[in-house]
Amino acid sequence: MSETVRVDLGTRSYDILVGDGILARAGGRIADITRGRAPIVVTDDHVAQHHLPTLERTLRDAGLDAGTPIILPAGEKTKDFAHLERLMDAVLGRGIERSAVLIALGGGVIGDITGFAAAIALRGIDFIQVPTTLLSQVDSSVGGKTGINTRHGKNLVGAFHQPRLVVADTATLDSLPKREVLAGYAEVAKYGLIRLPDFWDWLEANGARVVEGDSAARRHAVKVSCEAKAAIVGVDERESGDRALLNLGHTFGHALEAATGYGSRLLHGEAVAIGMVLAFDLSVRLGLCPGQDAVRARRHLEAVGLPTKPTDVPGVEWDVDELIAAMAKDKKVKDGRITFVLARGIGQAFTQRDVDPEAVRALMEEAVSK
Ligand code: NAD
C-alpha cells in the first residue's frame, strides 16, 4: 500500500510516496518525471549493495536504461568539495542537457550532495529522492535543503532545490543498522515535540514498534512526519519563520557533533535527541515549560534507546566553553544572537532569541557533569 503526501509549493510542488515495498514499483512515476529519458542514479557503496538492484529493475521495467550508477563512498565525509567535484565531473561527463534527471538513492548524505549537484549542474536540473534511512525519509529528503560541509562547518555551502518526487520505501529500512534507525527516530520524535502532541502520545505507545521494524508502525511514523514537514515547508520554504522550529535540539546538537568531530561517536540524530532534551530542560529552567513535560520527553527517548545527555556518549571529555563557542557559530545565529527553539510543553515549540546566556551556561555545566 502506498500513501501520498503532497508538498505544496506552487509550480515546485511534488509528491512524497510512502509505503512498504514501493521502490520495486516506482519506475512508472519516475519515467513520468524523466519523460521517458534515462535518469542518472547516484548512491553510496553501502546502499548500492542492498537497494540498487531493485531501483535498476523498476527503471528497466519502465523502459529506462539508467546506465552505470555513480557510486560514492558511504559516510558524512563524502559531503565535501572533493566528492562534489567528482560527482559533477561524472554527471557532466555524460554530456547531459537541461532535461537530465538525477536520482539520489541513499541517506541524507547522498540526498544532500546529489540535490546540490542537481541545483548547480547547468544552473539547475531535476532530481528525485529515494531516501533509504529513517532520517532521510522523515526529514532530509523533503523540503529542498541541499548542500555539503566545509572545513568551516556543516552544510555551509548549498542551495534550496526541491526534488520532483520522493519515494520513501519503508522496506528499505529493514537493512539499516539499528543505531541508524534510532538516530532517524529522533527526528520522528521531533515532530511530536514541536507541534503534534497526539502524535507524541502515539509514539509513547508505539515507538518501540517503529524502532523494531513493524511495517505498519513505520509507515505511519514516516507518513505523519512527512506531513508535518510538508506543512511547515509549504508555509516557509526558506526558513524565515516556522521552518526554524525544525531546528528543535539542533543548536545544542550541532555543538555536540562539532565537539565529537562529526563521526561515528555521535550520530546527527543522537545529537538531536540529546539536544531536544536540553532544549526542554532549558525551557523548564527559564520557567516556560512544566517539568513533567521535559521528563516525558527524556523518558521516551531513553526508553527507545537513544542517548539523552552528553555523558551518555562514551569516551568524551566535554568542555562547556567549547560547546558554547560552537553554539555561537551555528548558522542560525543572527546579529551575533543565537535563536533557540524552546517549548511550552510537548507539541508547543517556539523560537526565542534573547535567552539568558548564564542560563545556557548553567544548563550545560550541569548536563556535562551528570
Ligand atoms: P547517511 O546518508 O550517512 O546514512 C547513514 C549510513 O547508513 C551510511 O553508512 C549509509 O551508507 C547507510 N545506509 C543508508 N541506507 C541504508 C540502508 N537502507 N541499508 C543499509 N545501510 C544504509 O546518513 P543519514 O543519517 O541518512 O543523513 C545524515 C545527513 O543528512 C547529514 O549530512 C545531515 O546534515 C543531513 N541532513 C539534511 C537535512 C536536509 O534538510 N537536507 C536534514 C537533516 C539531515
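## Helix 6 against helix 11

Helix 6 and helix 11 cross in a right-handed way (left-handed would mean the near helix is turned anticlockwise from the far one by less than a right angle, right-handed clockwise). The axes of helix 6 (residues 178-195) and helix 11 (residues 291-304) come within 11 Å, at a crossing angle of roughly 155°. Axes here are lines fitted to C-alpha atoms, for helices over the stretch in contact, with angles from 0 to 180 degrees between N-to-C directions. Helix 6 and helix 11 are therefore roughly antiparallel (under 35 degrees is roughly parallel, over 145 roughly antiparallel, 65 to 115 roughly perpendicular, the rest oblique). Helices (H or I, at least four residues) and strands (E, at least two) are DSSP runs, numbered from the N terminus.

This is a predicted model, where local features need pLDDT of at least 70 and side-chain atom pairs count only at pLDDT 80 or more, while totals for chains, interfaces and linings use all residues. Residues are numbered from 1 along each chain as its sequence is written, and side-chain values use heavy atoms, leaving out hydrogens and water.

## Helix 9 against helix 10

For helix 9 (residues 250-259) and helix 10 (residues 268-285), the axes come within 7 Å and cross at roughly 130°. That makes helix 9 and helix 10 oblique to each other, and their crossing is right-handed.

## Around the ligand

The ligand has 25 residues around it, with Asp-44, Gly-108, Thr-132, Thr-133 and Ser-175 coming nearest (near means a heavy atom within 4 Å). By class, that shell has five nonpolar, 11 polar and nine charged residues. Helix 2 gives the largest share, four residues.

Now for polar contacts (pairs of N or O atoms within 3.5 Å). A backbone N or O atom of Gly-108 sits 2.7 Å from a ligand oxygen, and a polar side-chain atom of His-46 is 3.0 Å from a ligand oxygen.

Technical notes
Polar contact = N/O pair within 3.5 Å; in protein donor to acceptor, adjacent residues only side chain to side chain. Nonpolar A, V, L, I, M, F, W, Y, C, P; charged D, E, K, R; others polar.
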